[in-house]
Amino acid sequence: MKRRDFLKAITAGIVVSGIDPFVLSALAKRAPASSTPEIDDHIKDYLYKMRNFDSVHEDDVYLGKDSLTLLRSTVSRLKRLQRLVGHGNFHLLSLDYGLKLSRNYSKVGRFTQEELDFLEQIFYSDSAVYGFFGVKPLDNITAVINKREVIKIPRSGNYLYKGEPQALYEKVKKHVGGKVYLTSGVRGVVKQLMLFLNKANKNQGNLSLASRSLAPPGYSFHGIADFDVGQKGYGAMNFTDRFTTTEVFKKLEQLDFVSIRYPNDNMAGVRFEPWHIRVHSS
Ligand SMILES: [Zn+2]
């Protein structure tokens, strides 16, 4: 059985039965006692890929060559839309409102039917095909974020959902101290489409590579609750493994109420993300 078929097979179980990928991860760690050397090799290959998430791997899945022009034009239009509404507002933008703006503002320009079909195809295709095995908390491309349910976090340009996510962030701040800050909060479907497609566009349409560090649209828990934190003054380094060397991370590790959505060697098809805080009810 080819590696991809194997991974597809194990995740088919997740999709159908709704088993949390981290339960699966725990199962996989117990697997060697009963598994064959062949399966062990598959898991080793998989872990190697996740640790080298930003490199090209031989069985990576790409968009067809004929879609690359469409990918480029869609990403440019999404970026123009982001410039129009501003970075903060773009986090909350729904697709329908984005389409309306694109029709009304010539500096964005109306999405073509081909671009809209492409966005739908990306959103509704099964991400397991290109190696992302997480669950999908948002199942509708037109999902709308109710502004009354979110709160803007001052000086961060980011929002959090009120309730448990906001309470958890406040608790983290209280325990970690002044150096911690919110690096990314609520992200709606349009923002996640932009991030994911932008990454794929920079990598010749490689969807597997993109999904190892950015959840495909619909699959991101930023859509419903989770958030990222960093250490002030650490900039883009907050989104690298070097974050684990910071004082903020070392304090986070000691807090029993904090857990990370994508721990090292997770089986969701995602790189280690030590900065991504899991909100427990989601
Ligand atoms: Zn995150």
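Asp228 and His276 are both buried (buried means under 20% relative accessible area, exposed over 50% and partly exposed in between, with a 1.4 Å probe and protein chains only). The model is predicted: local features need pLDDT of at least 70, side-chain atom pairs count only at pLDDT 80 or more, and totals for chains, interfaces and linings use all residues. Residues are numbered from 1 along each chain as its sequence is written, and side-chain values use heavy atoms, with hydrogens and water left out.

Asp228 and His276 also belong to the zinc site. The protein donors of the zinc ion are His222 (NE2), Asp228 (OD), Asp228 (OD) and His276 (ND1). They lie 2.1 to 2.7 Å from the ion. Donors are N, O and S atoms within 2.8 Å of the metal (3.2 Å for Na, K and Ca); water is not among the atoms, so sites may look incomplete. Along the sequence, the donor residues follow the spacing H-x5-D-x47-H. Asp228 sits in strand S4 (residues 227–231) and His276 in strand S5 (residues 276–277). The pair is 48 residues apart and links distant parts of the chain. Helices (H or I, at least four residues) and strands (E, at least two) are DSSP runs, numbered from the N terminus. The angles among the 4 donor atoms of the zinc ion run from 52 to 152 degrees, and the site is irregular. Four donors count as tetrahedral if all angles lie between 85 and 135 degrees; four count as square planar and six as octahedral if opposite donors are over 155 degrees apart and all others between 65 and 115; anything else is irregular.

Strands S4 and S5 are part of an open sheet. Its 3 strands stand in the order S3-S4-S5, with antiparallel pairing. Strand S3 (180–184) and S5 are at the edges with a single partner strand each, so one side of each has no neighbour in the sheet. Two strands pair if DSSP finds at least two bridges between them. S4 and S5 are joined by 2 bridges. Phe227 stands opposite Ile277 in S5.

Phe227 also takes part in an aromatic pair. The structure holds 6 aromatic pairs. Rings of Phe, Tyr and Trp (its six-membered ring) pair if their centres lie within 6.5 Å; planes under 30 degrees apart count as stacked, over 60 as edge-to-face and the rest as tilted. The ring centres of Tyr169 and Phe227 are 5.7 Å apart and their planes meet at 80 degrees, so this pair is edge-to-face. Tyr169 lies in helix H8 (residues 164–176) and Phe227 in strand S4, so the pair ties together parts 58 residues apart in sequence. Both Tyr169 and Phe227 are buried.

Salt bridges were counted next. Side chains of opposite charge can pair when their charged atoms come close. A salt bridge is a side-chain nitrogen of Lys or Arg within 4 Å of a carboxyl oxygen of Asp or Glu. By this rule there are 10 salt bridges. One of them joins Asp59 and Lys49, at 3.2 Å from N to O. Asp59 is in the loop between helix H3 (37–51) and helix H4 (68–85), while Lys49 is in helix H3, 10 residues apart. Asp59 and Lys49 are buried. Arg212 forms a salt bridge with Asp60, with the closest N and O atoms 3.0 Å apart. This pair is 152 residues apart: Arg212 lies in helix H10 (residues 207–213), Asp60 in the loop between H3 and H4. Arg212 is buried at a relative accessible area of 3%. Asp60, at 8% relative accessibility, counts as buried.

Arg261 forms a salt bridge with Asp226, at 2.7 Å between the closest N and O atoms. Arg261 is in the loop between helix H11 (247–253) and S5, and Asp226 in the loop between H10 and S4, 35 residues apart. Arg261 counts as buried at 2% relative accessibility, and Asp226 does so at 1%.

Strands S1 (residues 150–153) and S2 run antiparallel, joined by 4 bridges. Val150 stands opposite Tyr161 in S2.
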